[in-house]
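Subject: Structure handover

Hi there,

Here is the structure I promised to pass on. My notes on what turned up follow below.

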Amino acid sequence: MISKTISHYHVISKLGAGGMGEVYLAEDSRLGRKVALKLLPASFQYDPERSSRFLREARAASALNSPNIAHIYDIGEHEGSKFIIMEYVEGESLSRRLKQGPLPLREAIDIAIQIAGALNEAHSQGIVHRDIKPSNLMITGRGLVKVLDFGIAKISKTLAEDDDNDLTVSLGEKTSPGTVLGTPSYMSPEQVRGLAVDGRSDIFSLGVVLYEMVTGRRPFEGVTISDIIAAVLTGEPEPITQTQRDMPDKLGAIVARALNKDVEQRYQNAKELLKDLQELKQRMGSETGCDEALSSEPDVPAAGQPRTEAIAPSTNPPALQSNVVAAPLTTSSAEYIITKIKH
């Protein structure tokens with residue numbers, strides 16, 4: 001693929017691979033700009049289900065209007081292979097940033113606000129991302145957060161042309177209702193159980209990301225995927241107000257509500273979460289004694305000298321917790337995992 005020309009896009013290098021295809025850095029010869037080209041592998045061209053889902057991804061993302069969501073520029077087909085042309089995001093992934101430890105409180109809240117805004121836009125259009133995690137979140141040189149990869153998003157019937165019974169597809173695997181699709185450490189309890197999900201599942205995932213940003217560790221961890229799933233289903237993370245000194249009680253309440261295992265007790269929409277985060281930011285700015293926390297600037301690359309990462313999830317995930325999983329998991333099997341761990 002390298003140095004090959006697809007339509008009027010010249011392929012420069014490979015960026016990575018996601019659940020629905022490979023992503024390359026390319027140059028748009030007509031507009032003279034860099035873009036990300038997402039290509040569905042040729043081996044999948046004869047699968048109508050995967051092919052239609054690939055195009056639905058483009059339709060779903062192109063319907064969104066948010067500065068915090070990577071834009072779709074074009075779709076096409078070349079030599080039997082379908083492709084999507086996406087905005088090329090230069091910057092640093094949140095996953096790389098977190099390798100340096102917890103983020104300054106103000107920065108973490110600013111990032112969470114931007115993600116919540118993107119989710120509010122997506123959910124208002126009937127789209128659930130289903131894989132909110134640090135490697136799908138890019139921070140540009142100016143501190144703008146971009147949510148990437150709606151490749152395993154659930155498209156509501158109002159946007160889809162047909163009813164596929166909420167089938168989910170992962171590269172190399174055909175799955176069906178009751179299948180787990182996502183990244184274990186960031187998945188909601190209903191998602192790991194293979195149940196139907198809505199925007200509240202994304203809110204749970206954002207709660208996990210926010211917890212990790214302010215504490216430097218994930219709320220649900222384990223040696224194996226089964227351990228992680230059991231933790232998501234039954235474990236209770238240590239409250240963030242106990243993990244670090246001077247953590248605002250309001251932030252602790254926000255994280256606890258976002259991570260509530262009972263979907264009815266969780267934030268019911270991203271707009272509610274966004275409102276609470278914005279109020280917290282304003283409260284921190286007006287309270288005395290918060291100057292030090294608020295003076296910390298986001299540690300992002302300087303404008304014009306950004307780090308560059310793929311617009312797809314990392315090709316070399318750091319551990320099992322970051323791998324996308326597509327495996328049957330029924331309620332009984334989840335209960336078996338929990339019982340096994342308890343004994």
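A nonpolar core, as used here, is a set of buried Ala, Val, Leu, Ile, Met, Phe, Trp, Tyr and Cys residues joined through side-chain atoms within 4.5 Å; buried means under 20% relative accessible area, exposed over 50%, and partly exposed in between (1.4 Å probe, protein chains only). Please note that this is a predicted model, in which local features need pLDDT of at least 70, side-chain atom pairs count only at pLDDT 80 or more, and totals for chains, interfaces and linings use all residues. Residues are numbered from 1 along each chain as its sequence is written, and side-chain values use heavy atoms, with hydrogens and water left out.

The overall picture: the protein has 11 helices and 15 strands, taken as DSSP runs (helices H or I, at least four residues; strands E, at least two) and numbered from the N terminus. Of its 343 residues, 53% are buried.

Now to the core. The largest nonpolar core has 55 residues, and those with the most contacts inside it are Leu94, Ile111, Leu210, Met213, Val214, Leu251 and Leu277. Several elements give two or more residues to this core, among them α2 (94–98), α5 (199–215) and α9 (270–286). The largest share, 11 residues, comes from α3. Setting aside neighbours within four places in sequence, isoleucine 111 is in contact (heavy atoms within 4.5 Å) with Leu94, Leu103, Ile139, Val145 and Met213.

How do α3 and α5 pack? Their axes are 10 Å apart, at an angle of about 170°; the axes are lines fitted to C-alpha atoms, for helices over the stretch in contact, and angles run from 0 to 180 degrees between N-to-C directions. The two helices α3 and α5 are therefore roughly antiparallel to each other, a label for angles over 145 degrees. Residues of α3 including Ile111, Ile115 and Leu119 belong to the set that meets a group in α5, including Leu206, Leu210 and Met213.

Serine 66 sits in the loop between α1 (48–62) and β5 (72–78) and counts as buried because its relative accessibility is 5%. Its side chain reaches the backbone nitrogen of asparagine 68 at 3.1 Å.

Serine 3, in the segment before β1 (5–6), counts as exposed at 52% relative accessibility. Arginine 130, in the loop between β8 (127–128) and β9, counts as buried at 7%.

Best wishes

Note on methods. A polar contact is a pair of N or O atoms within 3.5 Å; within protein, one must be able to donate a hydrogen and the other to accept it, and residues adjacent in sequence count only if both atoms are side-chain atoms. Angles under 35 degrees count as roughly parallel, over 145 as roughly antiparallel, 65 to 115 as roughly perpendicular and the rest as oblique.
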